[in-house]
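Reader: I would like to go through this entry and ask what lies behind each label. Please set the values against the cut-offs.

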Amino acid sequence: MYLLYPDVHISARRKAKLFISMPPNGHEHRYFTPSANTVVRLVILLAVAATAIGGVVAFEVFKSPFVTRAGIVEPQPVPFSHKHHVSDDGIDCRYCHTTAERSAFAGIPPTETCMNCHSQLWTTSEMLEPVRESFRSGQPLRWKRVHNLPDFVFFDHSIHVAKGVGCSTCHGRVDKMQLTYQFAPLTMEWCLSCHRQPEEFIRPREEVFNMNWEPPPDQAEEGARLAKQYHVKDVQTLTNCSTCHR
Ligand code: HEC
Ligand code: HEC
Ligand code: HEC
Ligand code: HEC
Ligand code: HEC
């Protein structure tokens, strides 16, 4: 849905086809003998094939999860499960990610937040020993970042939340994740695929934290209406380099 990469394959082939089938001045005019022509065609075809294959390989390498990190699970000090805490226990995102609505960062909960419950619940769990140890020592748990944009990219949670972009649009079904992983590629093209047509993704603000929200059949009109109501900036501004690189 998000990946709008140009189709290297087809455009290269199309170009080659045009090139081969068009005599330069519209007359039946050959610069080469028929066999030389065949050789030229072969060379061009090989070059095109090489470019296409090279393109595909580069595409696969540069956009693969190996590079984008999408889907990769980081080892954490405690195997924290969003599935347990969000789906099974019904805890809202904001209980732990307290600043998602008002700051650039969503925030990671301190040990105290865990201990609100785990000083009473599962108090002998082996798995929770690092949490208790952190609480006793005052040393924070060292969660490993799952998402990490390069420093030259500016990102802000609060603006997205305020304009009706839901957590699940960018993070996927976190409520079903046993261990947290990055859902979207977080490439520039991915950001732009929404900034070019945000109305396809905007939902009512009160649904931002709802993991079960699905776009209605008339999302195109509904999204456009909400975009207007929320005064979402125009595409020019949203795709301007300095919006994300400041
Ligand atoms: C009980 C606390 C708790 C709740 C509730 C909770 N989270 Fe988390 N979340 C955490 C902790 C702890 C981490 C860090 C460990 C990890 O990555 O799994 C985290 C990590 C994340 C990350 C990855 C952060 C990174 O490192 O890049 C995302 C995204 C996230 N949560 C989204 C959500 C969403 C969306 C909801 C609501 C559906 C939610 N969380 C509810 C505690 C919570
Ligand atoms: C428009 C896409 C988008 C939306 C919507 C979004 N996030 Fe994020 N989130 C990101 C990106 C990108 C990062 C990585 C930021 C970085 O590396 O600086 C991130 C990082 C995080 C983190 C790690 C800590 C941090 O703030 O960097 C948490 C936790 C998180 N998001 C939770 C949430 C929750 C909860 C929601 C719903 C309110 C949400 N996100 C909505 C894109 C999004
Ligand atoms: C609002 C209450 C609440 C908070 C806050 C909370 N938990 Fe939990 N946690 C639970 C409940 C209830 C269970 C057991 C239930 C389950 O499996 O759904 C649980 C289970 C766990 C388990 C599994 C324990 C085992 O032995 O199977 C881990 C690990 C855990 N929580 C880590 C954390 C961490 C880390 C935090 C802080 C970021 C945290 N929890 C915050 C309620 C909470
Ligand atoms: C699913 C849609 C969506 C995705 C994905 C998305 N954004 Fe946005 N973004 C928006 C909307 C909507 C706004 C609000 C525009 C406004 O201020 O009216 C916005 C606003 C912003 C702004 C603030 C613009 C301003 O000056 O007001 C920044 C910065 C930004 N996004 C960066 C990013 C980056 C970086 C990524 C990729 C990591 C990203 N966004 C991914 C929808 C999205
Ligand atoms: C909506 C946000 C957004 C906008 C607008 C945007 N970029 Fe980016 N840009 C990103 C993100 C995110 C990355 C990091 C991609 C990654 O790590 O894979 C990036 C990376 C880059 C890079 C590093 C090379 C690369 O491709 O990873 C360059 C150069 C760059 N952008 C230039 C530009 C220029 C020039 C413009 C204006 C035409 C622009 N960007 C507009 C989000 C944006």
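Author: We can begin with a ligand shell. By class, 13 nonpolar, 6 polar and 2 charged residues make up the shell around ligand 3. The model is a predicted one.

Reader: Which residues come nearest to ligand 3, and what makes a residue part of its shell?

Author: A residue belongs if its C-beta atom, placed from the backbone, lies within 6 Å of the ligand. Around ligand 3 there are 21 residues, and His84, Asp88, Cys114, Cys117 and Ser125 come nearest.

Reader: Which helix gives the most to the shell around ligand 3?

Author: Helix H6 does, with 5 residues. Helix H6 spans 111-118, and both H4 and H6 supply at least two residues. In terms of domains, at least three residues of this shell come from domain 2 (82-108 + 147-244) and at least three from domain 3 (109-142).

Reader: How many residues surround ligand 1, and which helices supply at least two of them each?

Author: The shell around ligand 1 has 22 residues, with Cys93, Cys96, Val146, His147 and Thr180 the closest. Helices H4 (82-88), H5 (93-96) and H9 (167-171) each supply at least two residues. The shell around ligand 1 divides into 13 nonpolar, 7 polar and 2 charged residues.

Reader: How many charged residues are in the shell around ligand 5?

Author: There are no charged residues in that shell, which has 8 nonpolar and 5 polar ones. Thr187, Met188, Cys191, Cys241 and Cys244 come nearest among the 13 residues around ligand 5. Helix H10 (188-195) and helix H13 (241-244) each supply at least two, and H10 gives the most, with 4 residues.

Reader: Why is Val165 called buried?

Author: Val165 has 21 C-beta neighbours inside 10 Å. The cut-off for buried is 20 or more, so Val165 counts as buried. Val165 sits in the loop between helix H8 (157-162) and H9. Leaving out residues up to four places away in sequence, Val165 touches His160, Phe201 and Ile202.

Reader: Why is Trp122 called exposed?

Author: Trp122 has 11 C-beta neighbours inside 10 Å. A residue with 12 or fewer is exposed, so Trp122 counts as exposed. Trp122 is in the loop between H6 and helix H7 (129-137), and has a positive phi of about 60° although it is not a glycine.

Reader: Why does Leu186 count as partly exposed?

Author: Leu186 has 18 C-beta neighbours inside 10 Å. Leu186 lies in the loop between H9 and H10.

Reader: How many helices and strands does the protein have?

Author: The protein has 13 helices and 0 strands. Of its 246 residues, 12% are buried.

Reader: What is the mean pLDDT, and where is the pLDDT below 50?

Author: The mean pLDDT is 81, with 73% of the residues at 70 or more. The pLDDT is below 50 over residues 1-34, and also over residues 36-61. Where pLDDT is low, the predicted coordinates should not be read in detail.

Methods: Residues are numbered from 1 along each chain as its sequence is written. Chains are lettered from A and ligands numbered from 1 in the order in which they are written. This is a predicted model: local features need pLDDT of at least 70, side-chain atom pairs count only at pLDDT 80 or more; totals for chains, interfaces and linings use all residues. Ala, Val, Leu, Ile, Met, Phe, Trp, Tyr, Cys and Pro count as nonpolar, Asp, Glu, Lys and Arg as charged, and the others, Gly among them, as polar. Domain bounds come from an automatic or database domain assignment. pLDDT is the predictor's confidence in each residue, from 0 to 100. Two residues are in contact if their C-beta atoms, placed from the backbone, lie within 7 Å.
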